[in-house]
Amino acid sequence: MKRLALLAVLLGSAALADEGMWTSNNFPSASVKKKYGFDPDQQWLDHVRLSSARLAGGCSGSFVSPDGLVMSNHHCAHACIEQLSTKDRDYVATGFYAAALKDEVRCPEIEVNQLVQITDVTARIGTATKDKKDRAYADALKAEMSKIEQECAAGTEDVRCDVVTLYRGGRYDLYRYRRFQDVRLVFAPEFNIAFFGGDPDNFNFPRYDLDVSFLRVYQNGAPAKMDHYFRWSTTGAKEGDLTFTAGHPGRTSRLMTIPELEFDRDQGIPFYLLYLSELRGILGEFANRGAEQKRVATTALFSVENSVKAFKGRRQALVDKAFFASKVAQENDLKKRIAGKKAYSGVYESAEKSMETMRAIRLPYWLIEGERDRPRAFPGDICAIARKLVRSAEERKKPNEQRMREYVDSALPQVKQRVFSSAPIHEELEATLLAFGLTKLREELGADHPVVKKVLGKDSPEDVAKRVVSGTKLKDIAVRQKLYDGGQEAIEASTDPAIQLVRLVEPDARAIRARFENEVDGVLKKAQESIARARFDAYGAGQYPDATFTLRVSYGSVEGWQENGQKVVPFTTLGGAFERATGKFPFALPKTWVAAKDKLDLSTPFNVATSNDIIGGNSGSPLINKDAEVVGLIFDGNLQSLGGDYGFDARANRSTSVTSTALTEALEKVYKADRILQELRATHATK
């Protein structure tokens, strides 16, 4: 019976449950109306799209005032808060509040995007890739995407254009964004309340977190003017109320083929779980060296702990025999429907072939090249900056359509923001991270691997890391500027040890990347394109695509769930936080909260669970009602939601938000943040 229930969830979930991360131009308004009596029209959906924000580093947000005020999570702005802190002024620990506009401080690396236009470019992509396969297909696809983006951006850095692959190749849309790189910190509470409960409570419920930050986007040195923004709800939501999220889920794998899921289960997740678990230990030991080490390691440790738990949840879903059997049944159902159709002949065999190659190259690819330009053998800021300098010099020499996707003209503003970031670089942490990465390189590839011998020679990972970190001049932004402006000639002449390390492995990294793009990614994308068309033929167009870190709207309601025979109620209260507090981290309330206890209405709903379909990347999404008013702020999901990468079970998958009423209560009575409150309340008054 369990297997049949799961199969129903996977095959018929759009009709049975509040499932789906829907694009704003293909939203199931009729389904919402049928179940909840509300019909979101295109005007409503366009307003939601334009009021939503994306933090380009991997989070979501929302515009909540006409003067560019952006609401997101504390953990989404955590890196900025840490970068603005010093040994003597730790905003992570004490919180931050700009009492006046002039006190708002620019974040070194945050970019905020507003999606202003969506254009279907599927036909153009199809023409460019017609009758091509393998490497020719991959090259044509990459070139055409780059051309489209370059034409869209038109040489201005205030516009960002991305060609987005939907339905794993079934559709291509051009997303045109308004880009903000002058983003300033306005407010952040203390870490102890933003992450109250720490890792033990993470992905659990009940929760008692004020995981919020307020930022502001600027244009030409002044707060940017926004025509669309979400209004503030003064009453919040109650159990059973219809709720929506508008955010940017990072990635789901619900449309993956079985060979891809098997690869994730058997190779991908085990590798990352081991790597991250070991890194967590390294960072924990580093943090125990002293107060300053703890301060500078907090951001990285938080991220790693969060990722470990997320990967555990994904693994739990894939090793569940009933769940995996339901995915096999889902694929077999589609295979039967397309059997004998020439257009789809061999597509699943191609997917299997690509995964065979991936299994062969996975370790050097992950360690030397890295997914999303993050080689696991070379972690840390210094190596990341050095690689961007080396690669941008090489790539900028090429025609735009022949470059790596990360270095096309439309992507260069974000590259430069990272390269010229004013964020501090902590040498001791950098050396520790690089030594760990080089140790993993030798451990996974073996001491006799050519790249290992090339990088380490007769030295230990610790020796190489110390030499690179202590000797590099890349900590100086002026040095980075000269290298970037000097292009290939300056890079080749550089004696900087970080630049030399990256250049040493660059031929190997490019070679393994080329094999991945030509024999894995190109083959798989071509197969996925055909499978997507087959899925449309078999089931119709009323489906949602996998998440791609692009804007998605989900719908659900305030509701609890059954766990271990008991109903979990969907609300916690401010008073519950005081009852849970022990005075010791991670259950220590900040002094500001202890002092304000008698002023607070302890019955105020604090965190709320809803059935909205979310995944990583949705952090910072607004939780809104049918009037497009903010009733909460998404910051997490429950343990059951971690398997949401592969499928959605409406019986237990829940998202977790801070309520708008708790945010109002805290801003007013704990932080005396009158300027923010007035700005938020003014939006309600103008309704």
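Helices (H or I, at least four residues) and strands (E, at least two) are DSSP runs, numbered from the N terminus. On that basis the chain has 24 helices and 21 strands, and R54 lies in strand β1, residues 52-55. The model is predicted, so local features need pLDDT of at least 70 and side-chain atom pairs count only at pLDDT 80 or more, while totals for chains, interfaces and linings use all residues. Residues are numbered from 1 along each chain as its sequence is written, and side-chain values use heavy atoms, with hydrogens and water left out.

**The chain as a whole**

For 687 residues a compact globule would have a radius of gyration near 26 Å, and the 25 Å of this chain agrees with that; the radius is taken over C-alpha atoms, and the globule rule is 2.2 Å times the number of residues to the power 0.38. Along the principal axes, the C-alpha atoms fill a box of roughly 65 × 65 × 50 Å. Of the 687 residues, 59% count as buried, a word that stands for under 20% relative accessible area, with exposed over 50% and partly exposed in between (1.4 Å probe, protein chains only). Contact means heavy atoms within 4.5 Å, and among contacts between residues at least 6 apart in sequence, 79% join residues at least 24 apart.

**Buried residues and their partners**

Helix α4, residues 74-84, is largely enclosed by the rest of the structure, because nine of its eleven residues are buried; among them are H74, C76, A77 and H78. Three further buried residues, each in a named element, are set side by side below.

| Residue | Element | Relative accessible area |
|---|---|---|
| R54 | strand β1 (residues 52-55) | 3% |
| Q528 | helix α20 (residues 497-539) | 10% |
| L456 | helix α17 (residues 450-456) | 5% |

The side chain of R54 makes a polar contact of 3.3 Å with the side chain of D162, where a polar contact is a pair of N or O atoms within 3.5 Å; within protein, one must be able to donate a hydrogen and the other to accept it, and residues adjacent in sequence count only if both atoms are side-chain atoms. Leaving aside neighbours within four places in sequence, R54 is in contact with several residues, including C59, E111, R160, Y177, H248 and F549.

For Q528, the side chain is joined to that of E260 by a polar contact of 3.1 Å, and, not counting residues up to four places away in sequence, Q528 touches Y167, R168 and E260.

**Aromatic rings**

Rings of Phe, Tyr and Trp (its six-membered ring) pair if their centres lie within 6.5 Å, and planes under 30 degrees apart count as stacked, over 60 as edge-to-face and the rest as tilted. By this rule the count comes to 29 aromatic pairs. One of them is the stacked pair of F191 and F585, with 6.3 Å centre to centre and 20° between the planes. This pair links distant parts of the chain, 394 residues apart, with F191 in helix α8 (residues 191-194) and F585 in the loop between α21 (574-580) and α22 (591-596). F191 counts as buried, at 11% relative accessibility. Elsewhere, F263, F271, Y272, Y275, F311, W366 and F436 form one aromatic cluster.
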